[in-house]
Amino acid sequence: MRSRASTAISEIECRRAGLDFPSWLILDEYNYVDADKAYDFVSTTPLGAFSEAFLRKIAVLIKQASAERRVRAVLRT
């Protein structure tokens, strides 16, 4: 069994994004929702945001996982 592509979110990034610490990002899957089955969220008001530096780190990790063909779609219903 291979390990998951993931990264821990630092305490400061959790505070910036309005997340509990500790938190993790799973980078080897993304949600796929059929357009006719999509739904609205209760609120679209942002809770916070990651720093640009952390987003660059995430982008590099996702690109690596994709190059290794480790990224997959997960159908959400």
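These legends describe close-up views of one predicted model. Residues are numbered from 1 along each chain as its sequence is written, and side-chain values use heavy atoms, with hydrogens and water left out. In this predicted model, local features need pLDDT of at least 70 and side-chain atom pairs count only at pLDDT 80 or more, while totals for chains, interfaces and linings use all residues.

**View 1. The largest nonpolar core.** Seven residues make up this core: Ala5, Ile9, Cys14, Leu27, Phe54, Ile58 and Ala65. A nonpolar core is a set of buried Ala, Val, Leu, Ile, Met, Phe, Trp, Tyr and Cys residues joined through side-chain atoms within 4.5 Å. Buried means under 20% relative accessible area, exposed means over 50%, and partly exposed lies in between (1.4 Å probe, protein chains only). Helix H2 (residues 52–67) gives the most to the core, with three residues. Helices (H or I, at least four residues) and strands (E, at least two) are DSSP runs, numbered from the N terminus. Leaving aside residues up to four places away in sequence, isoleucine 58 touches Leu25, Leu27 and Phe50, where contact means heavy atoms within 4.5 Å.

**View 2. The aromatic pair.** The structure holds one such pair. It is edge-to-face because the ring centres of phenylalanine 50 and phenylalanine 54 are 5.0 Å apart and the planes are at 70°. Rings of Phe, Tyr and Trp (its six-membered ring) pair if their centres lie within 6.5 Å; planes under 30 degrees apart count as stacked, over 60 as edge-to-face and the rest as tilted. Phenylalanine 54 is buried, at 7% relative accessible area, whereas phenylalanine 50 is partly exposed, at 22%.

View 3. The side chains of aspartate 28 and arginine 4 meet in a salt bridge (2.7 Å, N to O). Aspartate 28 is in the loop between strand E2 (23–26) and E3, and arginine 4 is in the segment before strand E1 (6–9), 24 residues apart. A salt bridge is a side-chain nitrogen of Lys or Arg within 4 Å of a carboxyl oxygen of Asp or Glu. By this rule the count is seven. Aspartate 28 is buried, with 3% relative accessible area, while arginine 4 is partly exposed, with 42%. Both belong to a network of salt bridges that links Arg4, Asp28, Glu29 and Arg72.

View 4. Arginine 16 and glutamate 13 form a salt bridge (2.7 Å, N to O). Both lie in helix H1, three residues apart, about one turn of the helix. Glutamate 13 is buried at 5% relative accessibility, and arginine 16 is partly exposed at 37%. Glutamate 11 also has its place in helix H1 (residues 11–17).

**View 5. Glutamate 68 and arginine 70.** These two residues form a salt bridge, with the closest N and O atoms 3.3 Å apart. Arginine 70 is buried, with a relative accessible area of 17%.

**View 6. A nonpolar patch on the surface.** Tyr30, Tyr32 and Leu75 form the patch, with about 340 Å² of accessible area together. Patches are made of residues with over 30% relative accessible area and no salt bridge: like charges are joined within 9 Å, nonpolar side chains (Val, Leu, Ile, Met, Phe, Trp, Tyr) within 5 Å. Accessible areas come from the Shrake-Rupley method with a 1.4 Å probe; for residues, only the protein chains shown count as cover. Tyrosine 32 lies in strand E3 (residues 29–32) and is partly exposed, with a relative accessible area of 44%.
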